[in-house]
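This report concerns a predicted model.

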Amino acid sequence: MKRSRINEILATSDEMIRSFGFVLPPFAYWSPDEFKHKSNTARHVIDSRCGWDITDYGAGRFEEMGLFLFTLRNGLLADLRSGGGMCYAEKLLISRQDQLSPMHTHVIKAEDIINRGGATLTIELYGSDDDGGFAENQGGTVWCDGIRRDYAAGEKLRLAPGESITLRPGDWHAFWGEGGDVLVGEVSTVNDDETDNVFREPIGRFATIDEDVDPRHLLVSDYRKWLG
């Protein structure tokens, strides 16, 4: 993805988030130089990879297959392994109309996906085989707003604003906005996007960036290069 396109998505996504009454934390608006200057005091933000995240899954077709995310808060895997401390994470996502977030599951993370506002969020579901792999003919059970729901393989669940679904490790899922764009909330156990996303197809989690202009704000995938 071109950095200029990423900068545009940052601006329009922030506008959409604000339109629903959400305001991102102050570090969201730091310039790259500010982030460098404050990197010592912002070490937890950096280490837990909070912040902006825009991906086309390496396919170069963001409008068709992509996702906007902002990680608001996140613990560390060490806390999760020890069973204490900050064992949770929270994100905001924007799923654009007909923009696919492709089929995937998680090994560790359990998550609530919440339609915070906008159009309908459609989620396609499959269960796992005995090894946790994608099972084309396997359904399963999820909870929607705490209510048990059994689903058939490939069933599409539609969440209206205010509705949610709980996904556990091994629940294979893909999602997109139906009828318009959707502001999505995610509340989960500790989030590790570098190692805990298992995709059905051989795709990448992060975009490859063409640095045609300077970054407006750093993405979480920029931290290692820019901040160490």
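The side chain of N74 comes within 2.9 Å of the backbone oxygen of N191. N74 belongs to strand β2 and has a relative accessible area of 1%. Because buried means under 20% relative accessible area, N74 counts as buried.

Leaving aside residues up to four places away in sequence, N74 is in contact with H44, S48, C50, M86, Y88, A89, V190 and N191.

## Helix α1

Helix α1 covers residues 3–19. Its 17 residues should span 24 Å at 1.5 Å a residue, and this agrees with the 25 Å between its end C-alpha atoms. Just after α1, G21 adopts a positive phi of about 85°.

The buried residues of α1 are R3, I6, N7, I9, L10, S13, D14, M16 and I17. They pack against four strands: β1 (51–55), β2 (67–74), β3 (88–95) and β10 (172–189). In an α-helix, residues three or four places apart point the same way, because there are 3.6 residues a turn.

Nonpolar side chains tend to be buried together in soluble globular proteins. The largest nonpolar core here has 30 residues, of which L24, F35, W52, I54, F68, F70 and Y223 touch the most other members. Two or more residues each are given to this core by α1, α3 (43–47), β1, β2, β3 and α5 (223–227). Helix α1 provides the largest share, five residues.

With residues up to four places away in sequence not counted, Y223 touches F35, V45, I46, R49, C50, G51, L218 and G228. Another core, of 21 residues, lies apart from the largest one and includes L125, C144, I165 and L167.

Terms used. Residues numbered from 1 in each chain as written. Predicted model: local features only at pLDDT ≥ 70, side-chain atom pairs only at ≥ 80, totals over all residues. Heavy atoms only, no water. Expected span 1.5 Å × (residues − 1). Buried < 20%, exposed > 50% of the residue type's maximum accessible area, 1.4 Å probe, protein only. Contact = heavy atoms within 4.5 Å. Polar contact = N/O pair within 3.5 Å; in protein donor to acceptor, adjacent residues only side chain to side chain. Core = buried A, V, L, I, M, F, W, Y, C linked by side-chain atoms within 4.5 Å.
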